[in-house]
Amino acid sequence: MTATVPDTVIAPGPGAPPAVARPQFSCLDGLRAIAALSVLAHHVGFDTGATFRHAGAGEFLARMDIGVSVFFALSGFLLYRPMVTAIVEGRPLVPLGEFWKRRVLRIFPAYWLALFVIVVAFGRTLSDIGDVVVLGGLLQIYDESRFFGGLVQAWSLSTEISFYLLLPLYALVIRRRLAGRSAEQRLRFQLGAIVVLYLAGLAWRMLLLGADPPGIARIGLHWLPGQIDHFAIGMALAVVSVWAGRSPAVAERLERSTTRPWIWWSGAAAAFWAVSVPLDVPGGLAQIPAGTDLVRQFLYGLVAFLLLAPVIVEPGVRGGSGGSGGSGGRSGIRRFLAHPVMWWMGVMSYGIYLWHKDLIPKVQLLLGWENFQGNWFVVFGITLAASTAIAALSYYLLEQPLIARKHGRAARPATVWTGLLPDADADADADADADAEAGAVPGAVAVLPGRRPRAGDGAEHRPTFWRRVIVVTLVGLVLRMAYLWFSRRGIYDCPPETLLGCAGDSYVYHTGANLIADGQGFVSPLGLLDGNRFPGADHPPLYWLYLAAYSFVGLDSYTWHQMATVLAGVAAIPVAALVGRELGGVRVGLAAAIAVALYPNIWINDALVLSETLTILLVLVALLATYRVWRQPSAANVALLGLAGAAGALTRAEVVLVYPFVVLPLLARHRALATWGRRIALLALAGGVGLAAMAPWLIRNQRQFEEPVYLSTGLGVTLRYANCDQTYSGRLIGYWWFECKGDVDLQALADQSVLDKALRSQAIDYIEAHKNRLPAVLAARFGRTWGLYKVNQIAYLDTFEHRPLWATRLGAISLYPAMAFAALGMLVLRRRRVPVYPLLVPLGIVTFAVLLTFSQTRYRSTAEGSLAVLAAVGMLRTVEVARARRQRGRGSGSVADRQPSPPSQA
């Protein structure tokens, strides 16, 4: 790790000072005060050493920086809520210049005062103009060398400033995107967009924690993308709050769920205990492991949500209680939060945040204590009193006059952060342009040029299809990254010259890609283990080249290659959505995307450096091209199919079989191709494109090796490992065994083609001598592959390739419902007159490959995408049938019963 930024010691403060009073949210002022006090408690615990001396209380003091989540969620709620109202009502937003001017006036004057005084009076230094610009401009989170400069706790203000810059632009895009929609549609869309923000924040955090990129390291966790999930929590609550104000049904549900805030706060306490005690987060400056950091971030956000959610309702929505603690909701928690003392402490919390951190060592020095010494209670009390007094002076002498100037009138009693919100008067003065824009017909959908309607592709689905696919893709990304960080990170950290514990295809792909990036060409990594350098064709080249592209720009570690593989796996999700949409419309497309995102036998490969992930993606691309050719056999679609087939074959050699079993029958039997001349021309186009794509590799192999080599030299060694006494009987029947190779030295021969030929010959000789065992062996291979034979043993053997046992067992279990739903999906598609054989060909290819060689779960990857898409069709049909049965009494039928008409050319 290159980062030096601690994860626990510096707690953030509130993102903005208070301003104009809005009594309906006075509970939030009290909550803000609690967050500020928790930050103070955290820093006092660190500086006095109480965090480390007291085994019980210290664990909770170390986690008091949880105030950051509350501050950020409050900021997201209070800043976004008026924007939600404007968007829903079709009124214009506050002009960008005005919004940003207010933010500058609320943040920077008090910050500059604190920075100047602390630099001058407390002995801090600003060594050059760079310090002045970076620290004065709140840019320190982007400069690791200055991260601790000035006010060390001000990093959260830097993050807040980033949020202030983004939020109005985000709201503007959302508002324009929702022109013409109904109010409910606008609210639903905003909730969906906020979910995307939350998932994007998690993905960013996983990326940085895993990659640890030079120059960014963990300071990137403090950038807005690394904290946007906590802002998104407040933004989502803002949408819910506005929705409750417009819908009695929503308001009633919210009333019922928040009548007892103590239940929510008990949940917050439980989550805080979980992050403090059982999670065992390292304290102080210790580096937090990646997986632990992700869980901590989630639990911090959960605490913020549970504290904020029960106090967000406006007066009038819940009998006048709302966030004010009014008469309708006089619970003990609301009365406490709305108490004048808590309200005033919330008003002062910005100044407390700015001043307290540098006051703590001064208090210790005054009392005669060194760093990491002192009584926590004494230091906390004195620091709180001193920082509150200075904060009050700063507020009444500087901040409140600026508030009055900003509004052009005498300042009213202040309350927390509401000065950062647009004025109600300004909202009421919205111009007529927004009304005209909102006058569009709700729900109207523009027809995209060149877009052909598909079966089940109702107009109401089109605007939401890609939004939902993006959400599903982000869910798939988070799932895969979590699997990598929590379970598969660091499993293969081996030097290139070491074989023990590192040998296998992952070693070959990882090392081979780095050799290519270094300009060495396709050299056999296995030969290098014995100091021999000779040309290699251990595998087809495309996955090597894919990883080499990352290595070429410096991302050459095994972890980076894992992440590159994850990205390829995530790319398969939207491609599956397109395949499903071609098969049956947007609902099938979304179901296919969900299936590929969540199916364990797909994502289990994505954290390993193996070509199976890329194979799944390319097979799905080939299926997409196949069904586009089926709908419209244009030259462009045929060329795409030919290219996809070649790319798949250059990743796993057996995928080349899509040409005789998919391309040939598809074009030869297509009804829209009236003449054989046209069919032959398109067949030649598909084959020519594929051959042209594979030609460089094929030509290289013929020139490089003594014996003929086409896609790889892996067949001989694979056959030899699969055909010996150990694999023809006994516990490993149908599997492979390393000792089957006998005394052959795989690294000794300089020409891999000669070795490949020799091993093929040995394997064929063994097969001919044991023909009587072939039926049993082939049956075992088939059974192992499709979950019919020795399932538990296969799950255990799969762990040898660095798959965790829980994941291999989950994959084995999930195969059965996948096959059952896939069978149903096949029947549904046949009923709808959609050709099924392109989806079945990958299953046949897998069966042929394992019967020829041996059974291994990852060899099934060629078929996993097809299986997931077929299963999605079957699951969707099951849901539709169940829904139809419920609606039968009301005379409604299943949507699926309305069969889409096949295309005229099919």
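Student: Leaving aside neighbours within four places in sequence, which residues is Tyr170 in contact with?
Tutor: Tyr170 is in contact (heavy atoms within 4.5 Å) with Tyr80, Gln190, Ala193, Ile194, Leu197 and Met235. This is a predicted model, where local features need pLDDT of at least 70 and side-chain atom pairs count only at pLDDT 80 or more, while totals for chains, interfaces and linings use all residues. Residues are numbered from 1 along each chain as its sequence is written, and side-chain values use heavy atoms, leaving out hydrogens and water.

Student: Which residues touch the most other members of the largest nonpolar core?
Tutor: They are Tyr80, Tyr111, Phe163, Tyr170, Leu308 and Leu354, in a core of 120 residues. A nonpolar core is a set of buried Ala, Val, Leu, Ile, Met, Phe, Trp, Tyr and Cys residues joined through side-chain atoms within 4.5 Å. Buried means under 20% relative accessible area, exposed over 50% and partly exposed in between (1.4 Å probe, protein chains only).

Student: Which helix gives the most to this core?
Tutor: Helix H4 (residues 67–89) does, with 14 residues. Helices (H or I, at least four residues) and strands (E, at least two) are DSSP runs, numbered from the N terminus.

Student: And what lies apart from that core?
Tutor: Another core of 99 residues, including Val469 and Leu641.

Student: New topic: how many helices and strands does the protein have?
Tutor: The protein has 36 helices and 2 strands.

Student: What share of the protein is buried?
Tutor: Of its 906 residues, 58% are buried.
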